[in-house]
Amino acid sequence: MTKRGMTAILLAAACALSGCGAAGRNMENIMQSMENESREAAAESREAAAMVSSANKAESGTASSTGKAESGTASSAGKAESGTASNANKAAANESGAASEAEAADGTNTGQEGRRDVTKQPESEVGTVEEQEAGQLPTLTEEELTVLSGKTVCLDPGHFAGRNALDPDDGTTYCEGDVTLEIGLALRDILEEYGVNVIMTRETGSITLGGYTDAELDGGHISLRGASSAGCDLFVSLHTNANLEQANGYPTCGQPKEINKPIVIVNVPGSQSVEALTAGSEIGENLVSLYQKIELGAEEAFESAEVGDELREWSDAYNDSLEEPGAIVMRTEGGSDYYGVLSGSAGVGVPGMIVEHGFHTVKEFRELINDGDLIDELAEADAEGILAGLLAEE
């Protein structure tokens, strides 16, 4: 093991053992600095891109005619070429079997028990994805479903099992690396119901890319996550947010609800992409609507963005503010993306974003997650936004 790999593992262990404080923004900044300083990571990102690009593009090119049956193969091939340890077969994970595959291939869905009827009848009064009430999954035309069957999204459930584990004094334990996987799997299932081809960077607690696993991967080679999106239309990395220790004069994991807001960080290609900005804007607006409904902060309207807009630059002060609204932002360093996952997807030419759904340093947020009341709603908010983005016209 390299010295950098060992350092990453020790840092992750320190985070897990030291409780809430170390799970704040300080530790993430340290880990990200390691990635930014690693020339080796950049080289491996390019190598991984070359490995996965041909496989992903080949599978994506046939997906519009073969539907979800072919997308399962694309996902397996793309992940195998990029060194992922996830060998789950998406076709096997879909309990509706061959009937579901046929429905996705011709752009329809029968609405059988346990699945949504996503097809809009010609005389239906239900609106298109842009006209839906926030948080309500859309019913689409067969033409729109045909468009979606030719789209591929790479989902990256952030971190890995046990990462950013909290055990505050109030008893509301939480682990970001576990929650992001729950959101990712639920989101994958929704998107696949609409015929979207989905590639996952991980489908289990652990992640391996390019021969690097978990803390070693995220400590110095995290750009490999983003590079796994080669050939995709969109890269979405799923996270929940944290703040600096003792932010706003409150305990690190005892922040008031006013801090809670969605933040969508786009990469350089994403800042120039109609699909990415539409998806990010819709996701943010949906999450704000959800939080306002359940009285979980986010009192201000989300700052959406269009191509050509000057985007807000991320900062610790903005992130931790009790007054600023959620927004589409960028975080750059020397004109390049700061976060390794975003520079990885940018390196293979894919518009990408990090979705910081909400603050796990707010007790009420952790309680709702632990009660099981929030995971599906977060996934649905993401799905509605991604569908809107994939259907947006350039």
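**Reading a predicted fold: a tutorial**

Tutor: Let us begin with Asp-214, which is found in the loop between β6 (212-213) and α8 (215-220), and keep in mind throughout that this is a predicted model.

Student: How do strands come together in a sheet, and in what order do the seven strands of the open sheet lie here?

Tutor: The general idea is that strands of a sheet pair through backbone hydrogen bonds, either parallel or antiparallel. In this model seven strands form an open sheet in the order β4-β1-β7-β13-β8-β10-β9, and the pairing is mixed. The edge strands are β4 (197-200) and β9, each of which pairs on one side only. Strand β1 (residues 152-157) pairs with β7 in the parallel sense over five bridges, and the bridge partner of Leu-155 in β7 is Val-236.

Student: Which helices pack on the sheet?

Tutor: Helix α10 (residues 274-293) packs on the sheet and touches β7, β8, β10 and β13 (352-359), with a direction that makes about 5° with that of β13. Helix α12 (residues 340-347) also packs on the sheet, where it touches β1, β7, β8 and β13, but its direction makes about 155° with that of β13.

Student: Which way do the side chains of strand β10 point?

Tutor: In a regular strand the side chains alternate between the two faces of the sheet. In β10 (residues 327-330), Ala-327 and Val-329 point one way while Ile-328 and Met-330 point the other way, and all are buried. Three bridges join β8 to β10 in a parallel arrangement, with Ile-265 standing opposite Val-329, whereas two bridges join β9 (residues 312-313) to β10, also parallel, with Glu-313 standing opposite Met-330.

Student: Which residues of helix α6 are buried, and where do they fall around the axis?

Tutor: In α6 (residues 142-149), Glu-144, Leu-145, Leu-148 and Ser-149 are buried. Seen down the axis of α6, these residues fall within an arc of 145°, so they line one face of the helix.

Student: Is Asp-382 buried or exposed, and which residues does it touch?

Tutor: Asp-382, found in helix α14 (residues 375-391), is buried, with a relative accessible area of 0%. Leaving aside residues up to four places away in sequence, Asp-382 touches Ile-183, Leu-187, Leu-238, Ile-283, Val-355 and His-357.

Student: How many aromatic pairs does the structure hold, and where does the charged end of Arg-331 sit?

Tutor: The structure holds two aromatic pairs. One of them is formed by Tyr-338 and Tyr-339, an edge-to-face arrangement at 5.1 Å centre to centre with 85° between the planes. Tyr-338 is buried at 7% relative accessible area, and Tyr-339 is buried at 10%. The charged end of Arg-331 sits over the ring of Tyr-338, 3.8 Å from its centre, while the charged end of Lys-261 sits over the ring of Tyr-318, 5.8 Å from its centre.

Conventions:
Residues numbered from 1 in each chain as written. Predicted model: local features only at pLDDT ≥ 70, side-chain atom pairs only at ≥ 80, totals over all residues. Heavy atoms only, no water. Buried < 20%, exposed > 50% of the residue type's maximum accessible area, 1.4 Å probe, protein only. Helix = DSSP H or I, 4+ residues; strand = E, 2+ residues; numbered from the N terminus. Arc of directions from axis to C-beta. Pairing = 2+ DSSP bridges. Contact = heavy atoms within 4.5 Å. Axes fitted to C-alpha atoms, helices over the stretch in contact; angles between N-to-C directions. Phe/Tyr/Trp six-rings, centres within 6.5 Å; stacked < 30°, edge-to-face > 60°. Lys NZ or Arg CZ within 6 Å of the ring centre and 35° of its normal.
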